[in-house]
Each structure stands twice: as C-alpha cells, then as structure tokens.
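Have the model open alongside as you read.

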Amino acid sequence: MKKSSWTYLCFNPLFIGAFLCLVLLVLVLHPYIAYDEALWGYIGRAWTVNGLVPYLGTVENKTPGILILYAISEYFTTGNFIIERFIGALAVIFSSYYLYKICKRLHSEFAGIIAMCLFTLTSCWRVMDGFSLAQTETFMVFFSIISFYILIQENSKYTLNTRVFMAGVFLGLAISFKQIAITTSAAFFLFYFINLSEDKGVSKRVLGTLYFIIGIVIGVASLFLVMSFYGVSVQDYLSGAWYILLDSGSAAPDLKTRMLNFFRVFISSRFILFYLFLYLFKLQYIELKNKYIVGILIWLAFDFIGVNASGYYYGHQIKQIFAPIVILSAIGIASFVEKKKYFNYKDHVYIAVLVVLFFHTFNSKI
C-alpha cells in the first residue's frame with residue numbers, strides 16, 4: 001500500500017470507527033457476566049415475566065433508564081446479556097463519534113481522531129470494567145457528551161435558548177440512567193451561565209436557566225412516564241431511586257477505605273497514562289484557552305466530584321470523568337505534535353498512541 005493510501009486510512013474517521021467497532025465486538029462477546037449485569041437482568045426478568053415492577057416489587061438504587069433497557073432485552077431474549085452489551089457498544093461508538101466532532105470543532109480533525117481512539121480503547125480497560133459495556137455510566141456519558149456538543153454549536157440555526165433546552169433534555173436522560181449526572185448538569189449550567197451567555201443581560205440568563213431546567217425535567221419525566229404506566233408513583237420513584245441513596249452502603253464507610261480505593265484507581269493503575277497527556281495540554285493551556293476549554297475544565301472538575309461521591313471507585317464509575325479528560329488529552333497531543341517541527345508525520349504519533357492503547361486494552365490486569 002502506498003504511503004499516501006496508508007496515511008489516508010489512518011486519518012479516515014470511518015476506517016478508524018470500523019476498527020474500533022471490531023475491538024468493541026471482542027468485548028461484547030466476553031464470556032463472563034458482571035454482577036450488575038446479572039442483577040439488572042434479574043430485575044428485567046422479574047418485571048417482564050413475573051410482573052414485579054421496579055420500585056414496587058423489586059429494589060435497586062438506580063434511575064429507570066437501565067432497568068427499562070434490561071426489561072426490553074429480557075422480553076425479547078431471556079437471559080441473553082449480549083444484547084445489552086451490544087447496545088452499550090453502540091453508545092460507546094456514538095460517544096466517540098461526538099467526541100471526534102467536538103475536538104474537530106475546538107481544534108482539528110487530528111485531535112478528533114485521537115479522541116475517538118482514546119475514548120473507545122480506554123472504555124475497554126479492565127480498570128474501567130471494560131467488558132461490561134452495558135453499565136449505567138456508559139449511557140449517562142453518551143447523553144452528556146451529546147449535551148455538550150449541542151451547547152458549543154454556536155454557528156447552528158438554533159438559538160442559545162433552544163440549544164440550552166435541548167442540552168437539558170439530554171442531561172435529563174443522562175440522569176435517568178445514573179443520578180450522579182447531576183454533577184455534569186451543574187457543570188454545564190455554569191458553563192452556560194458564565195461563558196456562553198456572558199454577553200446576555202440578567203433577564204435573558206434567567207430565561208435561559210428556565211429553559212435548561214425545563215429540558216432536564218422533560219428528559220427525566222420521559223422515562224418516569226414509562227414507570228408510571230406500570231403504577232409507579234412519584235413517591236415510589238423518589239424513594240426507590242433517590243432517597244435510598246441516603247441509606248448505609250451507598251457510600252464508603254470511612255475515609256481510609258476511600259483513600260485506598262482512590263490510590264488503587266488514580267495512582268496504581270494505567271490511569272496514570274493520562275497524566276502525561278494532560279501535561280501536554282497544560283504546556284499549551286495559555287494558547288488554547290478559550291470559553292470552550294474553560295467549560296471543559298469546569299466539566300472535569302464537577303465530574304471529578306461525581307466520581308469521588310461514593311468512595312468505592314468501581315471501574316464503571318470512573319467512566320464519568322473520561323469524556324472531558326479525553327477532550328483535553330486529544331487537544332493537548334494534537335497541539336503539541338503540530339508545534340514540534342521534528343515530527344514530520346502526524347500519523348507516526350497517531351499510530352504510536354493507537355498501538356500503546358490497543359495493547360494496554362488486551363494485555364493488562366490493572
């Protein structure tokens with residue numbers, strides 16, 4: 001293959017997407033079932049076969065999105081967890097696609113391609129419970145990424161208030177898969193209020209805030225309506241999905257447990273690879289700084305709070321923080337490479353990153 005053809009394939013998003021789909025397919029076919037997958041499958045079966053509706057006949061401290069997904073799967077294919085994982089794989093692929101579009105919008109296509117690879121391959125890591133793709137965080141992050149993408153489309157035909165409303169709807173769907181998406185919602189609200197609407201008057205900012213809140217309410221209500229059709233009241237929903245989080249067991253019992261779990265994930269795992277990427281971003285922060293970058297940093301800060309909320313640091317919980325980290329890392333890598341004259345071909349750097357991530361994905365216990 002000629003070098004030009006090879007380079008074309010390396011930087012063709014469709015080719016990269018197809019490759020990443022194959023990687024995810026390997027994860028989908030992983031023969032073992034995770035605890036959460038088994039639990040939600042049981043709840044879905046109890047609902048569809050025995051008529052035991054979540055929040056009434058069964059108990060699980062999750063918002064209804066994941067329960068509805070598993071119930072649908074159990075209705076059509078009893079006990080087949082591959083279906084849920086396949087849907088989770090689609091959510092990862094589309095998440096990477098929108099990250100590509102975000103990074104292309106904020107920096108370059110090269111940054112977008114790096115983001116696609118970073119997000120998809122790190123989603124497969126063992127430290128992130130990679131093989132269990134149909135986790136609540138997978139879908140929560142997917143809707144959060146779409147929400148951010150909508151917010152930054154300033155050149156679109158939609159007004160700011162319309163975009164804020166649409167972003168709120170997707171955040172409401174994110175919350176309907178995992179409650180901790182409220183930290184992402186808080187981050188995006190600050191991003192809107194401080195950065196996107198900085199040239200608006202107080203009254204217009206307040207109006208935009210109302211659009212944002214209404215959008216979130218509609219997103220949450222859309223899945224609650226499914227539950228209400230089966231007799232779940234607002235009180236049942238609040239008790240089963242929100243008040244239950246105040247019970248013991250929802251958070252780590254002490255500070256020592258929190259610190260040990262934090263060290264295990266953020267210090268003694270492959271997560272440290274991202275510290276190098278983030279350092280490359282930091283080196284060029286002043287040049288890259290704009291209102292969108294500030295918004296991503298706010299997103300990172302608030303989702304870091306979300307990741308630390310329970311103190312258990314299960315692998316799938318860490319996925320919440322990876323979208324803003326991937327965006328900053330991809331932009332940092334792309335900007336650094338483009339500035340250095342001794343890098344003659346960006347594809348060399350891209351291939352190196354891809355190979356490292358690929359082998360880290362399938363050859364590690366951390």
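Val-92, Phe-119, Ser-123, Met-128, Leu-133, Glu-137, Thr-138, Val-141, Lys-319 and Phe-322 line the largest cavity in this predicted model. A cavity here is a set of points on a 1 Å grid, over the protein atoms alone, where a 1.4 Å probe fits but cannot get out, and lining residues have an atom within 4 Å of a point. As for ground rules, local features need pLDDT of at least 70 and side-chain atom pairs pLDDT 80 or more, while totals for chains, interfaces and linings use all residues. Residues are numbered from 1 along each chain as its sequence is written, and side-chain values use heavy atoms, with hydrogens and water left out.

**Cavities**
- Searching the whole structure turns up two cavities of 30 Å³ or more.
- The largest has about 70 Å³ of space, a volume being the space filled by probe spheres set on grid points joined across faces, edges and corners.
- Helix H7 (residues 136-151) provides the largest share of that lining, three residues; helices are DSSP runs (H or I, at least four residues) numbered from the N terminus.
- Sorted by class, the lining of the largest cavity has six nonpolar, two polar and two charged residues, with Asp, Glu, Lys and Arg counted as charged, Ala, Val, Leu, Ile, Met, Phe, Trp, Tyr, Cys and Pro as nonpolar, and the others, Gly among them, as polar.
- The second largest cavity holds about 40 Å³, and its lining includes Met-140, Val-141, Trp-299 and Asp-303.
- H7 again gives the most to the lining of the second largest cavity, with three residues.

**Salt bridges**
- There are five salt bridges in the structure (a side-chain nitrogen of Lys or Arg within 4 Å of a carboxyl oxygen of Asp or Glu).
- Glu-137, from the lining of the largest cavity, pairs with Lys-178 at 2.5 Å, N to O.
- Glu-137 sits in helix H7 and Lys-178 in the loop between helix H8 (160-175) and helix H9 (181-196), so this pair ties together parts 41 residues apart in sequence.
- Both Glu-137 and Lys-178 are buried (under 20% relative accessible area; exposed is over 50%, partly exposed in between; 1.4 Å probe, protein chains only).

**Around Glu-60**
- You'll find Glu-60 in the loop between helix H3 (35-48) and helix H4 (64-76).
- Glu-60 counts as buried because its relative accessibility is 11%.
- Its side chain forms a salt bridge with that of Lys-62 (3.3 Å, N to O).

Key. On a 1 Å grid over the protein atoms alone, a cavity is a set of points where a 1.4 Å probe fits but cannot get out, and a pocket is an open set with protein on both sides within 12 Å along at least five of seven lines; lining residues have an atom within 4 Å of a point. Helices (H or I, at least four residues) and strands (E, at least two) are DSSP runs, numbered from the N terminus.
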